[in-house]
Amino acid sequence: MRTLITGIGTLLTGNVDAPVGEPGDLLVTDGRIAELNTSVTAAEVDQVIDVQGATLAPGLIDSHCHVVLGDYTPRQTAVGFLASYVHGGITSVISPGEIHLPGRPHDAAGVKALAVLAQRSWSDYRPGGMKVNGGSVVLEPVLTEEDFRELAAEGVRWAKFGFGRYADPADGLAQVSAAQRAGILVTCHSGGASIPGSKPITTDHLMLLKPDVCGHINGGPTSLDSDGLRTIVRDGGMALQLVQAGNLRSAIELVELVREYGAEHRVVLGSDTPTGTGTMPLGVLKTVAELSSLAGVDPAVAWAWATGNVSSVYSLEAGLIEPGRPADLVVLDAPWGSQAPDALGALARGDIPGISLVLIDGEIKALTSRNTPAAARKARITPHIPEPPGSAHVC
């Protein structure tokens, strides 16, 4: 299957160092980006997508999405939320542990079994076409070096610290370090307790534990204090995860610290949903708009924080528009009626852009998002195709 994408007004690369690229035609072959600024013509391909001057961007990656098993959240008793997130431009999510599973086990055998089960299940199941990176092991004091080696051998790549049965979070150092030695990336809860049974994790805990990712550093939902934020940005070295279901004031403060210390490469975005905040299909898109409009972040850079930076931190293939990468792409524009001329202008104003097309591995998964406002310019597909199930309108 060869698809030619033409009429690109703005190209977002996902690369925080060069977030806007040359908007030439793009060729997709067998689900991957084959050529940028291609000279291939419409007569040589199977499908042409004319975005009519709109913006083409990498699909958003939600670095903190509370999946469990299947497209269902026990926390909010909602079905189909992940397929709905695709209509918010999210083409991949990363699980911070299947912590909302009713009766979640705490013994070593159960903890490992859940992680492997989720990893296997999500490897083969794509709700709405979305790629779900599930099976993040929840760290417990009973886990040993051998357990982490076994998990890594089974394909478990990530771990979450902050919900295990530790009397003091400082006691988790042995498990955090053992997981990292096994090649498993560790995300750590930060700030106040988020659910019954969890504990606050302070700056001192984080500096002791040295996780790879400081989860929801702007609050999940309760943020650390200002001095703690400065310490982590200045001295921590860990990735800095900003989320929608957190503290917006802290997020703005963190952006100022990131600029001060040149830490732009460490920032990743996520929704931290579904939680008590609810399910939020536009959660990551809304965070990009808030950081762009309220914290003065270049919208193209904020988009890279939700795509290429996530790809780099979590070692994913998707997230960048460059040859060889999966064609996980979003077409977006200023919403119909916006004062902005394009998607970047809309984000800078705090408007949610309209999404008119989502591709995952080069396949169209959504036309005319059912969750965003209508885009001022819609993508046109040749040959004409019917709207995929669940989209808002027929194209």
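Predicted model: local features only at pLDDT ≥ 70, side-chain atom pairs only at ≥ 80, totals over all residues.
Trainee: What share of the residues is buried?

Mentor: Of the 395 residues in the protein chain, 60% are buried, that is, under 20% relative accessible area, with exposed meaning over 50% and partly exposed in between (1.4 Å probe, protein chains only).

Trainee: How many helices and strands are there in the chain?

Mentor: The protein chain has eleven helices and 22 strands; these are DSSP runs numbered from the N terminus (helices H or I, at least four residues; strands E, at least two). Its radius of gyration, taken over C-alpha atoms, is 20 Å, close to the 21 Å from the globule rule for 395 residues, so the chain is as compact as a globular protein of that length. The rule is 2.2 Å times the number of residues to the power 0.38.

Trainee: And what does the C-alpha trace span along its principal axes?

Mentor: The C-alpha trace of the protein chain spans about 65 × 40 × 35 Å along those axes.

Trainee: Pockets next. How much space lies in the largest one?

Mentor: The largest pocket holds about 400 Å³. On a 1 Å grid over the protein atoms alone, a pocket is an open set of points with protein on both sides within 12 Å along at least five of seven lines, a cavity is a set where a 1.4 Å probe fits but cannot get out, and lining residues have an atom within 4 Å of a point. Points are joined across faces, edges and corners, and a volume is the space filled by probe spheres set on them.

Trainee: Which residues lie nearest the centre of that pocket?

Mentor: Lys131, Val132, Asn133, Arg157 and Leu316 do, out of 25 lining residues. Helix H2 (108–124) and strand E12 (131–133) each supply at least two residues of that lining.

Trainee: How many cavities of 30 Å³ or more are there?

Mentor: There are three. The largest cavity has a volume of about 70 Å³, and Gly162, Phe163, Gly164, Pro169 and Lys199 are the closest to its centre among its ten lining residues. The second largest cavity has a volume of about 60 Å³.

Trainee: Which element gives the most to the lining of the second largest cavity?

Mentor: H2 does, with three residues. The residues lining this cavity include Val111, Leu114 and Ala115, together with Glu98 and Arg104. Strand E13 (137–138) also supplies at least two residues.

Trainee: Now the backbone. Which peptide bonds are cis?

Mentor: The bond from Gly220 to Pro221 is cis, with omega near 5°, and Pro221 sits in the loop between strand E16 (213–214) and helix H6 (226–236). The bond from Thr382 to Pro383 is also cis, with omega near -5°; Pro383 is in the segment after strand E22 (380–382). Most peptide bonds are trans, and most residues other than glycine have a negative phi.

Trainee: Which residues have a positive phi although not glycine?

Mentor: Asp30 has a phi of about 50°, in the loop between strand E4 (26–29) and strand E5 (32–36). Ser315 has a phi of about 55°, in the loop between helix H10 (308–314) and strand E19 (329–333).

Trainee: Is Asp30 buried or exposed?

Mentor: Asp30 counts as exposed because its relative accessibility is 60%. Ser315 is exposed as well, with a relative accessible area of 53%.

Key:
Residues numbered from 1 in each chain as written. Heavy atoms only, no water.
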